[in-house]
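Have a look at the picture before reading on.

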Amino acid sequence: MNDPVSAEQRSATVYVRLRNVTKLYRSRRESVAAVSNVNLDIATGEFVSIIGPRGCGKSTLMSIVAGLIPVSSGSVSIAGRTVKKAQTEIGTVFPDPILLDSRSVLENVLLQAEIRDLDEQEYVPRAERLIELAGLKAVRDTQLFGLSPAHRQRVTVCRAFVHDPPLLLLDEPFAGLDAAHRQQAVLDLQKVWMFSPKTVLYIASSVAEAVLLSDRVIVMTPAPGTVEADVAIEVPRPRLLDAATLAELKPYAEQIRRIFEGHGIQPEDQPAA
Ligand code: ADP
Ligand code: MG
């Protein structure tokens with residue numbers, strides 16, 4: 001553990017680093033502390049979830065990492081470079097994605113290549129593979145108009161992966177789905193990620209989805225959010241919803257739920273895991 005060589009190797013693989021990140025939203029009348037002194041290292045290829053009570057600053061952290069809003073103090077770096085402006089080498093999924101109803105599923109996935117001015121044709125095979133993994137093969141050429149919210153949300157996940165970005169920022173991508181669709185979408189995301197294991201920062205809407213998907217779950221305190229716990233989920237993938245896997249995940253989920261309950265907060269959750 002204290003071997004200096006392994007510590008060095010570990011730090012060499014850090015892809016995203018947050019140091020003492022504090023954000024105050026200031027208006028003329030008041031100043032709201034959204035996050036306070038957040039420290040977090042995410043290794044290359046790691047899937048890290050953040051979970052915390054509503055309003056604890058999760059989306060704020062995401063926007064800071066994406067370079068969309070500045071920190072009030074502290075620093076963020078990606079691949080050793082300080083984040084100072086909007087990052088282009090990332091894929092994002094936010095809760096209300098922009099999709100083009102008149103275009104097909106495949107065309108919406110390829111939109112990513114189009115807006116980045118990449119050669120779309122080159123990305124067709126990868127887009128098709130992602131569409132298949134996400135369970136969208138049957139609707140590949142169907143116009144988005146009329147497709148269910150579950151389908152639409154999966155289109156956005158494929159789109160975030162299609163240009164092969166080294167970092168994905170996913171902010172409660174399935175929050176709008178009902179429990180059954182959300183569970184399937186989470187399993188499909190796991191499949192897509194195993195096919196293309198990127199560094200992921202995922203804001204989870206439930207404890208169950210956080211432990212199912214993640215290498216580590218970061219639990220934040222109520223606002224202004226800071227890191228309260230960093231829980232490594234040591235369960236091999238793929239993690240499916242069979243009894244044996246659910247039993248392995250359960251102690252992690254209980255540990256996280258106890259932290260919420262310690263603050264008098266009921267974790268929003270689905271019963272499955
Ligand atoms: P979460 O995603 O965890 O629900 P947010 O990051 O959206 O939390 O918000 C954290 C806090 O910052 C909340 O109190 C919210 O009202 C406030 N906040 C978020 N965005 C802004 C903004 N643009 N201006 C002022 N306050 C904001
Ligand atoms: Mg949010």
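This is a predicted model: local features need pLDDT of at least 70, side-chain atom pairs count only at pLDDT 80 or more; totals for chains, interfaces and linings use all residues.

Let's step into the second largest cavity, which has about 30 Å³ of space. Its lining is made up of Ala134, Arg154, Val157, Phe174, Ala185, Asp188, Leu189 and Val192. Sort those residues by class and you get six nonpolar, two charged and no polar ones. Two helices, H5 (149-162) and H6 (179-195), each supply at least two residues of this lining. Which of the elements gives the most to it? That's H6, with four residues.

Now head over to ligand 1. Around it you'll find Tyr25, Val32, Ala34, Arg54, Gly55, Cys56, Gly57, Lys58, Ser59 and Thr60.

Zoom in on the oxygen atoms of ligand 1. One lies 2.8 Å from an N or O atom in the side chain of Lys58. With Gly57, a backbone N or O atom is 3.1 Å from an oxygen atom of the ligand, and for Ser59 a backbone N or O atom is 2.9 Å from a ligand oxygen atom. On its own, ligand 1 would expose 560 Å², and the protein buries 56% of that. Strand S2 (31-43) and helix H2 (58-65) are the elements that give two or more residues to the shell, with the largest share, three residues, coming from H2.

How values were computed:
Residues are numbered from 1 along each chain as its sequence is written. Chains are lettered from A and ligands numbered from 1 in the order in which they are written. Side-chain values use heavy atoms; hydrogens and water are left out. On a 1 Å grid over the protein atoms alone, a cavity is a set of points where a 1.4 Å probe fits but cannot get out, and a pocket is an open set with protein on both sides within 12 Å along at least five of seven lines; lining residues have an atom within 4 Å of a point. Grid points are joined across faces, edges and corners, and a volume is the space filled by probe spheres set on the points. Ala, Val, Leu, Ile, Met, Phe, Trp, Tyr, Cys and Pro count as nonpolar, Asp, Glu, Lys and Arg as charged, and the others, Gly among them, as polar. A residue is near a molecule or strand if one of its heavy atoms lies within 4 Å of it. A polar contact is a pair of N or O atoms within 3.5 Å; within protein, one must be able to donate a hydrogen and the other to accept it, and residues adjacent in sequence count only if both atoms are side-chain atoms. Accessible areas come from the Shrake-Rupley method with a 1.4 Å probe; for residues, only the protein chains shown count as cover.
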